[in-house]
Amino acid sequence: MLACFANGWTIKMGVKFGDIQEAYLFTCFSHMSEKQAFISKSTGQIYYRHDDDELNDLPEDIDENEDYIEVPNQHDLDLGQKLILDFVTLQMSDDDFDEVRRIFKRRGAYQRYKAFLIRRNMLNQWYAYENHHVNQTLR
């Protein structure tokens, strides 16, 4: 049995969606390509790489062989500011939308955005919204 993902991947269903989510989260807690996860399309096996320290034995051809696909990180999914603005549009006031746009005009915006959500008592709603869209994209 095969699974097709929105980004065009087709992988053998030996891999559970929860394992794909775990691999995604692994890649998100790093800067750029410090952490990578790969899935074998033919076997469903997930391989993890952190810097040059391999967490499990990686196939020698993992970077060249088309059987291995790299699990995207949060930057690859491009769910950043657009997703945030969609959430604010749907869940908050026009004044809040304007404030969030101002927040994202400076560095360190995500921390200030989270502080803004805490002040508005909306942090849990944001996390639920974000998780829903990440899961939809990964599927």
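**Two helix pairs**

Visitor: How do helix 1 and helix 6 sit relative to each other?
Guide: Helix 1 and helix 6 are roughly perpendicular to each other (65 to 115 degrees; under 35 is roughly parallel, over 145 roughly antiparallel, the rest oblique). This is a predicted model: local features need pLDDT of at least 70, side-chain atom pairs need 80 or more, and totals for chains, interfaces and linings use all residues. Residues count from 1 along each chain as its sequence is written, and side-chain values use heavy atoms, without hydrogens or water.

Visitor: At roughly what angle do the two axes cross?
Guide: The axes of helix 1 (residues 17-28) and helix 6 (residues 123-138) cross at roughly 110°. They come within 11 Å. Axes are lines fitted to C-alpha atoms over the stretch in contact, with angles from 0 to 180 degrees between N-to-C directions. Helices are DSSP runs (H or I, at least four residues), numbered from the N terminus.

Visitor: Which residues make the contact?
Guide: Helix 1 brings Phe17, Gln21 and Tyr24. Helix 6 brings Val134, Asn135 and Leu138. Contact means heavy atoms within 4.5 Å.

Visitor: Switching topic. How do helix 4 and helix 5 cross?
Guide: Helix 4 (residues 94-103) and helix 5 (residues 109-119) have axes that cross at roughly 155° and come within 9 Å. So helix 4 is roughly antiparallel to helix 5.

Visitor: Which residues meet there?
Guide: From helix 4, Asp96, Glu99, Val100 and Ile103. They meet Ala109, Arg112, Tyr113, Phe116 and Arg119 in helix 5.
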